[in-house]
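Hi,

Here is the structure I promised to pass on.

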Amino acid sequence: MADNGFTWNSVLVDGNWIRYRVGGPVDAPVMIHQHGFAISGTYLLPTAEMLTDSFRVYIPDLPGFGMSPKPEVPLSIEELGTALNHFMSAVGVEQAILVGNSLGCAIITELISTAPEKVSKAILVSLAGGPHNQPLGKAIAQMARDGLVEPPALLPVAVPDYLRFGMIRAMRLFIAMARFPAYDRITAMPMPVMIVIGSEDPVRPPWKNISRAMADIPPQVRIVLLQGAAHSINFAHPRELSHLIRQFVADEEIRMDADNPDGLPVLELRRPE
């Protein structure tokens, strides 16, 4: 079955079936796009399909998400990282560029913590988790505010996925996401990493926290601000994000796409001297 140029497949991983999309040239470098909280990989398609000319792109729905069946016991963030690791092995991918959004960033960092050799570069978009998302009531309010600034076209994609995922499972996962030590994971990642932040994302850390982090993060980690973007950058701003990804993968300077003068402004944040 084809979907936006992608083909659907299934693979058995640790006793759970994972449904996934794959597209792009078979002999191209591998790129995996990892979905976020309680949602499928469908909202990642706008950015992912823009990259299939240069990459072999995989979009897995991890166990319990989207089109993949629910395991009897919901997987923790750590177990989702393991599922992604073993998914790569199951489909024959030894190493890949990983692109995550929201909770997908946490899942990627969990994979990196146990199998860093499987990730050549990581792009973490709208990273969620940490003290700025606590307590739970604060995190829920942040997500509610984000819903007001996302494009209406996201609703028919997200709502069915959230309903399919289930309210009780969603609340448990939400609590785990809010407690996730995102900052500690980022500072420990050994490979090149690009963190993309939307200036209008209610889930992002406060500016003072970002400023402090700039002095602490290792030199292989780059932070890029997409001015005017909210949380679902992969869905809402695919042209800008795909351009950033291409520049980062090619080790180029991060700058606005000259062929997209009406796109959102881009600013790479610099470390203090």
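Predicted model: local features only at pLDDT ≥ 70, side-chain atom pairs only at ≥ 80, totals over all residues.

Residues are numbered from 1 along each chain as its sequence is written, and side-chain values use heavy atoms, with hydrogens and water left out.

First, the core. A nonpolar core here is a set of buried Ala, Val, Leu, Ile, Met, Phe, Trp, Tyr and Cys residues joined through side-chain atoms within 4.5 Å. Buried means under 20% relative accessible area, exposed over 50%, and partly exposed in between (1.4 Å probe, protein chains only). The largest core has 59 residues, and Tyr 58, Phe 87 and Leu 124 touch the most other members. Helix 3 (residues 103-114) gives the largest share, seven residues. Helices (H or I, at least four residues) and strands (E, at least two) are DSSP runs, numbered from the N terminus. There's also a second, separate core of 32 residues, which includes Ile 97, Ile 233, Phe 235 and Leu 241.

Next, the rings. Rings of Phe, Tyr and Trp (its six-membered ring) pair if their centres lie within 6.5 Å; planes under 30 degrees apart are stacked, over 60 edge-to-face, and the rest tilted. That gives five aromatic pairs. In one of them, Tyr 58 and Phe 87 have ring centres 6.3 Å apart and planes at 80°, so they sit edge-to-face. This pair links distant parts of the chain, with Tyr 58 in strand 5 (residues 56-61) and Phe 87 in helix 2 (residues 77-90), 29 residues apart. Phe 87 counts as buried at 0% relative accessibility, and Tyr 58 does too, at 10%. Together with Tyr 20, these two form one aromatic cluster.

Phe 65 and Phe 165 make a tilted pair, 4.8 Å centre to centre with 45° between the planes. They are 100 residues apart: Phe 65 is in the loop between strand 5 and helix 2, and Phe 165 is in helix 5 (residues 155-165).

Lastly, which residues of helix 5 are buried? They are Val 157, Ala 158, Asp 161 and Phe 165. Their arc around the axis (taken from the directions from the helix axis to the C-beta atoms) is only 80°, so they lie on the same side of helix 5. On the other side, Leu 155, Pro 156 and Leu 163 are exposed. After helix 5 comes Gly 166, with a positive phi near 105°.

Cheers
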